[in-house]
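Here is a short tour of a two-chain model, written for reading alongside the coordinates. Please keep the structure open as you go.

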Amino acid sequence: GENVEQHPSTLSVQEGDSAVIKCTYSDSASNYFPWYKQELGKRPQLIIDIRSNVGEKKDQRIAVTLNKTAKHFSLHITETQPEDSAVYFCAASRNDMRFGAGTRLTVKP
Amino acid sequence: NAGVTQTPKFRILKIGQSMTLQCTQDMNHNYMYWYRQDPGMGLKLIYYSVGAGITDKGEVPNGYNVSRSTTEDFPLRLELAAPSQTSVYFCASTRDGVGYTFGSGTRLTVV
C-alpha cells in the first residue's frame, strides 16, 4: 500500500515568515494529494489539494507543488499568521487516502 | 445537507466489550472511509468502501469489521475491545475520490 512520509515533524516560524512542509509518497499510481489542517480536538480541514496532472496550485497565501517524477510534494505558506498555528497533514490517494504523520506548525507573534 | 454524521461522539468501553460506531452521509457519495487517530499521531486507514456491497482493508484493519449495505451507511464494528483501540475515530466520504468530507469524530476509550 501507499506510504507517505512527512517532514519536519515540528516547525516554528516568526509571524510573517514563510513555512514549508515536505512529503514523499511511494505509490506511483497515486493521483490526488491533499493537505489538511487540524486544530486541537477538531476534525481535519482541507486547505488545498492538487491532482497528478498539475504541477502547482496556489490559493492566496497557500501553495502546493508536486513533482511526480520524484514522488514528492510540498506545502508553502507565506506571510504566516498566529492563526496558522496547527498540525498539518499531507496525504496521497488513488482510492484509499493515506496520511503523513503530521507537522506541528507554531507561528510566534 | 448534514454531511457526514458520526455517532456516538464519546464512548467508554470495558475490555472485551463490543460496539458499533455509526457513520451516515447524505451526499450520495460512493466512497466511504474509517480512520483512527491516536494522540499526537496521524490518521491511519482502517477500512474503506468504494460502493455498496464492496469493502477493503486499509493499513490497520485487525480487530475491526465493516459492512456497506447502503450508499449512506458505513458502520464500524469493534469486537472484543482492547486498550490499544483507544483512539479518535473519523469517518469520511467522497463522491469521486477527491475533496473528502470528514465527520466530527468518535472519541473511544477502552478501560
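The report below covers the contact between the chains, then the pockets, then some backbone details.

**Where the chains meet**

Please bear in mind that this is a predicted model. Let us start with the interface. Chain B brings 21 residues to the contact and chain A brings 19 residues. The size of an interface is often given as the accessible area lost when the parts come together. Here the area buried between chain B and chain A is about 1,600 Å², and carbon and sulfur atoms give 57% of it. On the chain B side, the residues that lose the most area to chain A are B:L43, B:Y100 and B:F102, which together account for 30% of what that side buries.

What about polar links? The count of salt bridges between chain B and chain A is zero, while six residue pairs are in polar contact, both residues being at pLDDT 80 or more. Turning to secondary structure, β4 (31-37) and β5 (43-51) of chain B each supply at least two residues of the side that touches chain A. By residue class, that side of chain B divides into 12 nonpolar, seven polar and two charged residues.

Rolling a probe the size of a water molecule over the atoms shows where empty space is left.

| Pocket | Volume | Lining residues | Residue classes in the lining |
|---|---|---|---|
| Largest pocket | about 660 Å³ | 31 residues | 11 nonpolar, 14 polar, six charged |
| Second largest pocket | about 150 Å³ | 13 residues | five nonpolar, four polar, four charged |

Which residues lie nearest the centre of the largest pocket? They are A:Q38, A:L40, A:G41, B:Q37 and B:G40. Strands from both chains take part in this lining: β9 (86-92) and β11 (103-108) of chain A, together with β9 (87-94) and β11 (106-110) of chain B, each supply at least two residues. Of the elements involved, β11(B) gives the most to the lining of the largest pocket, with four residues.

The second largest pocket has A:V4, A:F99, A:G100, A:A101 and B:K44 nearest its centre. Its lining takes at least two residues each from β10 (98-99) of chain A and β5 of chain B.

**Backbone details worth a look**

Most residues other than glycine have a negative phi, and most peptide bonds are trans. With that in mind, here are some exceptions to look up. In chain A, the peptide bond from A:H7 to A:P8 is cis, with omega near -5°. A:P8 sits in the loop between β1 (4-7) and β2 (10-14) of chain A. In chain B, the bond from B:T7 to B:P8 is cis, with omega near -5°, and B:P8 lies in the loop between β1 (4-7) and β2 (10-13) of that chain.

Finally, A:E79, a residue other than glycine, has a positive phi, near 45°. Look for A:E79 in the loop between β8 (72-77) and β9 of chain A.

Definitions and conventions:
Residues are numbered from 1 along each chain as its sequence is written. Chains are lettered from A and ligands numbered from 1 in the order in which they are written. This is a predicted model: local features need pLDDT of at least 70, side-chain atom pairs count only at pLDDT 80 or more; totals for chains, interfaces and linings use all residues. Side-chain values use heavy atoms; hydrogens and water are left out. Contact means heavy atoms within 4.5 Å. Buried area is the accessible area (1.4 Å probe) that two parts lose on being put together, summed over both. A salt bridge is a side-chain nitrogen of Lys or Arg within 4 Å of a carboxyl oxygen of Asp or Glu. A polar contact is a pair of N or O atoms within 3.5 Å; within protein, one must be able to donate a hydrogen and the other to accept it, and residues adjacent in sequence count only if both atoms are side-chain atoms. Ala, Val, Leu, Ile, Met, Phe, Trp, Tyr, Cys and Pro count as nonpolar, Asp, Glu, Lys and Arg as charged, and the others, Gly among them, as polar. On a 1 Å grid over the protein atoms alone, a cavity is a set of points where a 1.4 Å probe fits but cannot get out, and a pocket is an open set with protein on both sides within 12 Å along at least five of seven lines; lining residues have an atom within 4 Å of a point. Grid points are joined across faces, edges and corners, and a volume is the space filled by probe spheres set on the points.
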